[in-house]
Every structure is written in structure tokens, then in C-alpha cells.
Amino acid sequence: MRAALLIVLGLAIGIIGTVFTMRALDERNPLPHAVMVTMGFHRHQLQEALKGQHCDATANLAQLQHMQMIAGDIPAAFLDAPQQFQDLASHLRSALQTAAQSAPADCPAMTAALKPVDGVCKECHQQFR
Ligand code: HEC
């Protein structure tokens, strides 16, 4: 009986220890995750605008420019990433630059401008996420 209790106790301590270790590892560098969460936030804002058919040219350009700036942080945030990853990050920067320069004035223009951008997000996520 006592042995069984000790085994259970040992397992519990082990599990708790593992959870804490994993959290600590996760927190070691929160930047890559934070960069992506922020990127996702701005993409989501645009999605909401599209969904509500409320595509204000100035507001949408601001979102695209935010995404452009955040994309500029990807290489520094994902320092040890392989070359292929850095190439995709660079594709994302040019796709966002093109999108911002096209200054989409309405929802159909915004949808068209986001298409190549979303393509790069998806490509990198499929390979590296
Ligand atoms: C060069 C590669 C790359 C590109 C391009 C990229 N991502 Fe990511 N993304 C990642 C990686 C790697 C992760 C997982 C990182 C993590 O969670 O620590 C990720 C995770 C995410 C997440 C999940 C965050 C969470 O809550 O777990 C979101 C949202 C996201 N990306 C949005 C975007 C959007 C939107 C774009 C395009 C505008 C984009 N990403 C482009 C590599 C990329």
C-alpha cells in the first residue's frame, strides 16, 4: 500500500516537474511567438473588416503597414532559422510591400491584395510551424 502511494506521489512530482520545465523552456524566448501572435492580430483585424464589408482605405493601409513592420522583425526574432525560412520571411516582406503599395481602397481590392500575402503565411506554416 505504502509502495503504491509512493509510486503515485513520485509520478505526480514527475508530471509537475515536467510541466514546469516545459513552461520554463517555452518562456526562454517569447519573442518568436509574440511576433506571430501580433502578425495574426493584424491579419485578423483585416478579416473582420472584410467580414463586415467595412474596408476603410486608411485603416486597412495602416494594418498592412503594421504587418510589414512586423515582418521586418522575423529574421531577428527567429535567429537560428534555416535559410529556407529566411527566404520565406523575405517573400512575406515583398508580398506585404506590394500589398501596401497597391493601397487597396475597397474590400475586393483588399481581398486581392491579401491573397499573395496569405499564400506566404501558409507556405511557411506548412513547413516550419
Ligand atoms: C517565415 C515563416 C513564417 C511566415 C512567413 C509566417 N509565419 Fe506565422 N508562424 C511561423 C512559425 C514558425 C510559427 C510558430 C511560432 C511559435 O508559436 O512559437 C508561426 C505561428 C503563427 C501563429 C500562431 C501563434 C499562436 O498563437 O500560436 C499565427 C497566428 C501566425 N503565425 C500568423 C501569421 C500570419 C498572419 C502570417 C502572414 C501574414 C505569418 N504568420 C507568416 C512562421 C511564419
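**Briefing: a helical protein chain with a ligand**

Gln-53 is placed in the loop between H2 and H3, where helices (H or I, at least four residues) and strands (E, at least two) are DSSP runs, numbered from the N terminus. This is a predicted model, in which local features need pLDDT of at least 70 and side-chain atom pairs count only at pLDDT 80 or more, while totals for chains, interfaces and linings use all residues. Residues are numbered from 1 along each chain as its sequence is written.

**Overall make-up**

- The protein chain has 5 helices and 0 strands, and its elements follow the order α-α-α-α-α from the N terminus on.
- Of its 129 residues, 17% count as buried, a residue being buried if 20 or more other C-beta atoms lie within 10 Å of its own, exposed if 12 or fewer, and partly exposed in between, with C-beta atoms placed from the backbone.
- Among contacts in the protein chain with a separation of 6 or more, 67% come from residues 24 or more positions apart, two residues being in contact if their C-beta atoms, placed from the backbone, lie within 7 Å.

**Loop residues with positive phi**

- Gln-53 is not a glycine, yet its phi is positive at about 50°; this residue is exposed, with 8 other C-beta atoms within 10 Å.
- Ala-103, in the loop between H4 and H5, also has a positive phi, near 40°, and is partly exposed, with 13 other C-beta atoms within 10 Å.

**Packing of H3 and H4**

- The axes of helix H3 (residues 57-77) and helix H4 (residues 83-101) come within 9 Å and cross at roughly 160°, axes being lines fitted to C-alpha atoms, for helices over the stretch in contact, with angles from 0 to 180 degrees between N-to-C directions.
- H3 is therefore roughly antiparallel to H4, a term for angles over 145 degrees.
- The residues making this contact include Leu-61, Leu-64 and Gln-65 of H3 and Gln-86, Ala-89 and Arg-93 of H4.
- By class, the contact residues are 11 nonpolar, 5 polar and 1 charged, with Ala, Val, Leu, Ile, Met, Phe, Trp, Tyr, Cys and Pro counted as nonpolar, Asp, Glu, Lys and Arg as charged, and the others, Gly among them, as polar.

**Surroundings of the ligand**

- The ligand is surrounded by 20 residues, of which the closest are His-33, Met-36, Gly-40, Cys-121 and Cys-124; a residue is near a molecule if its C-beta atom, placed from the backbone, lies within 6 Å of it.
- Helix H2 (31-51), H3, H4 and helix H5 (107-128) each supply at least two residues of this shell, and H2 gives the most, with 7 residues.
- The shell has 15 nonpolar, 3 polar and 2 charged residues.

Terms used: Angles under 35 degrees count as roughly parallel, over 145 as roughly antiparallel, 65 to 115 as roughly perpendicular and the rest as oblique.
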